[in-house]
Amino acid sequence: MRILVALFTLVNTIWASSGQDLTTTWVGIVSLVMFIVGYYVIAAEEKFHINKAKPAMFVGTFIFILIGFYNAINGIDSKPLTHEVEMLILEIAQIFFFLLVAMTYIEVMIERRVFDALKYRLVSKGYSFKKLFWLTGALAFFISPVADNLTTALILSTVLITIEKKNPAFLVPGAINIVVGANAGGAWSPFGDITTLMPWIAGKAEFFDFFGLFPAAFLGWLATGWLLSFSVPEGKPLFDVHTEERVRVLKGGTSVIYLGVFTIVCAVLCQQVFNIPPMWGMMFGFSLLKLYSYQLKRRDNEELKTFLAISKIEHDTLLFFFGILAAVGGLHFLGYLDLAIKLYESAGATTVNIGVGFLSAFIDNVPVMSAVLKANPNMGVDQWLLVTMTAGIGGSLISFGSAAGVGVMGKLRGIYTFGSHMKYAWTVLVGYLLSLAIWYVQFEILGLY
C-alpha cells in the first residue's frame, strides 16, 4: 500500500499545477478519461446490454472518491470538497424527490386506467390517419408540460401502435411528431423536462418566465408537424368498436388527476411565494395522495396501491440522474467547466446556447444542462430560457437524442429507427430553426419577457 501511495504521489508531482485548477493533475486527467469512457458506455447501452444507471453511478461516485484520495495523499484541506458534495446532495435530492412524486402520480393514473381510457377514446372515434396524427402530436405537446416528455411519448406511441401495427407510412411520421411534440411541450414548462426543472430549481428563471417559450416551442412543433403531415397516408385505420372492450377510468382516477394538478400548484407556491424548494410542495401533494388512498379504501374498499406504484417507477432513471449530476459536479470541482465560461465569453451566449441544442442531439441533454448550470455563465433570463429551449428541443434532431426518442424507438422497435428518423430529420431542423427565429424576435428584438 505504501508503494502505491508513493507511486501516486510521484505521478501527482509530475502533473501537478498551481492554484485550484486540477485539470492538468493526474486526478483531473483520470477523472476526465473515466467520464468519457463512462459516457460512451451510457450512450452505447444497447451494444453493451448494460443499464445506463450503472456506469453513471460508478463514474459519479468514483470521481469524488478519487478527488478525496488525491487530497488525502497531498494533505489538502478537505473542507472545499465536503462543501461541494453537500451542495451536490442538496441539488440532487431536490430533483430526486420532485421526480419521485411526479412519477408516482403518473403510475397511479396508469393503474386507474386514465391513459387507457384516453387511448380507447382516440381509436374508437373513427378518425382518419391525418386526424390521429395531429391529435397524438397535439396531446404530446400539451400533456408533456405536466407529465414528463418520456412518459408522454411512451403513452402516445402505445396509442399509435394500437391504431395501426404495420403501416410505417403512418407510424414513422406519427412517432416523430410525438417525439418533437413531447420535447417541445416540455421546453416551456418547469415540469416538462429535467432540463427545465433544473434551471427553475436553480433560480435562473421564475416559473412563469418559462411560459414565454410557448410561442417558439409551439410554432416550431407546428412547422415540423405540417411538413410531416404530407407523408401521412389518406384513409382510416381498421377498428371495430363492437369487438373492442370499452375502457373506463377506475374509481378514484379523476380525483387523482385533480390531486396531481393541486400538487403542481403547491410546488409552484413553495418556490415562488414561500421560498422553499418546490419538492416540498410535491411531497405535500404526495401525502394528500396517500390520505386520499386511505379514505378511498375505507369508503369504497378501493385501494390505489401507491406503494406498489412507487415500485413501478423508473428507479434506474432516477439513479442515472444521480450519477450523471454527480459526475458533472466532479468535473466542475476539478475546474473543467471553467473552459465553458471562457467559451461563452469568446463566442457569445447566443451562439453557444444555440450550439447546445445541436450538442444535445448527440449527448443526453441532462449532462449538457448540468454542465451549463455548473459553469454558471453570466447570462440574463432571455439566454437561460434559450439554452433551456435548445437543450430540450435539440434532442429531437436525432432519434436517440432525447429520452422521448429512445423510449419511442423501444415501443416501435424495427419501425421507428435511426434511419427512418433521419429520412425526415430535415423537417425537425426546420422547426428547430423557426423556434430560434421566434425566440430572437420575441426576446432580443421586441424584449417581450
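Visitor: By class, what's in the lining of the largest cavity?
Guide: In this predicted model, that lining has 7 nonpolar, 5 polar and no charged residues. Ala, Val, Leu, Ile, Met, Phe, Trp, Tyr, Cys and Pro count as nonpolar, Asp, Glu, Lys and Arg as charged, and the others, Gly among them, as polar.
Visitor: Which residues line the largest cavity?
Guide: Among them are V180, A184, W221, I393 and Y432. Lining means having an atom within 4 Å of a cavity point, and a cavity is a set of points on a 1 Å grid, over the protein atoms alone, where a 1.4 Å probe fits but cannot get out.
Visitor: And which helices supply at least two residues each?
Guide: α9 (168-187), α11 (214-229) and α22 (425-445) do; helices are DSSP runs of H or I, at least four residues, numbered from the N terminus.
Visitor: What volume does the largest cavity have?
Guide: About 80 Å³, taken as the space filled by probe spheres set on the points. The count is 3 cavities of 30 Å³ or more.
Visitor: Switching topic: how many disulfides turn up?
Guide: The search of the whole structure gives 0, with a disulfide being a pair of cysteine sulfur atoms within 2.5 Å.
Visitor: Is C266 buried or exposed?
Guide: C266 is buried at 9% relative accessibility, and C270 is buried too, at 7%. Buried is under 20% relative accessible area, with a 1.4 Å probe and protein chains only.

Notes
Residues are numbered from 1 along each chain as its sequence is written. This is a predicted model: local features need pLDDT of at least 70, side-chain atom pairs count only at pLDDT 80 or more; totals for chains, interfaces and linings use all residues. Side-chain values use heavy atoms; hydrogens and water are left out. On a 1 Å grid over the protein atoms alone, a cavity is a set of points where a 1.4 Å probe fits but cannot get out, and a pocket is an open set with protein on both sides within 12 Å along at least five of seven lines; lining residues have an atom within 4 Å of a point. Buried means under 20% relative accessible area, exposed over 50%, partly exposed in between (1.4 Å probe, protein chains only).
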